[in-house]
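Hi,

Here is the structure I promised you. Have a look at it first, and then read my notes below.

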Amino acid sequence: MFHVVLIEPEIPQNAGNIARTCAATGCTLHLVKPLGFEISDKYLRRAGLDYWHLVSVVVHENAEAFFAACPQDARFHFFTTKARRAYTEAEFREGDYLVFGKETRGLDEELLVKHPEECVRIPMREAARSLNLSNSVAVAVYEGLRQNAFDGLSGRGELHRLHWE
């Protein structure tokens, strides 16, 4: 699956919802400090409900430590409202890192300038500032899964029907 990376996330409910998405899809969640919450925070756990045992969470001391821990051939997709390319134009492969910034400021400009070809955006109305972080992660993860035929998820290619009694 993919690696979901949250650089300096601030809102525990967002991180909890993202953890739940990672649990449902098999993605690894990377939390890059400083965090705007404690990992044991009751709100974070409440948002993730009983899914925490299904999530592989890796905590990094800072962005430098995160990038140093990544394989040399790692592929990154930096999600930002400032990118020229839409996320649907990117090619997602298993093992890719989907990188998101903090809720209030996004990713550091220096990182975006250093990796312009890896930057992607989620299209939205011009008047809208941005999507909620947990929604953005879900959009990105499921596009990556769609591109990879939902490998590893149950029900792949099958139509499930409700049976009403």
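Glu8 is partly exposed, with a relative accessible area of 23%; the term covers values between buried, under 20%, and exposed, over 50%, for a 1.4 Å probe and protein chains only. You will find Glu8 in the loop between strand 1 (3-7) and helix 1 (12-25), where helices (H or I, at least four residues) and strands (E, at least two) are DSSP runs numbered from the N terminus. Its phi is near 55 degrees, a positive value in a residue other than glycine.

Please keep in mind that this is a predicted model: local features need pLDDT of at least 70, side-chain atom pairs count only at pLDDT 80 or more, and totals for chains, interfaces and linings use all residues. Residues are numbered from 1 along each chain as its sequence is written, and side-chain values use heavy atoms, without hydrogens and water.

Ala149, in the segment after helix 5 (133-147), also has a positive phi near 55 degrees. Ala149 is partly exposed as well, at 44% relative accessible area.

Which residues are joined by a cis peptide bond? They are Lys33 and Pro34, with omega at about 5 degrees. Pro34 belongs to the loop between strand 2 (28-32) and helix 2 (42-48). For context, most residues other than glycine have a negative phi, and most peptide bonds are trans.

Enjoy exploring!

Best wishes
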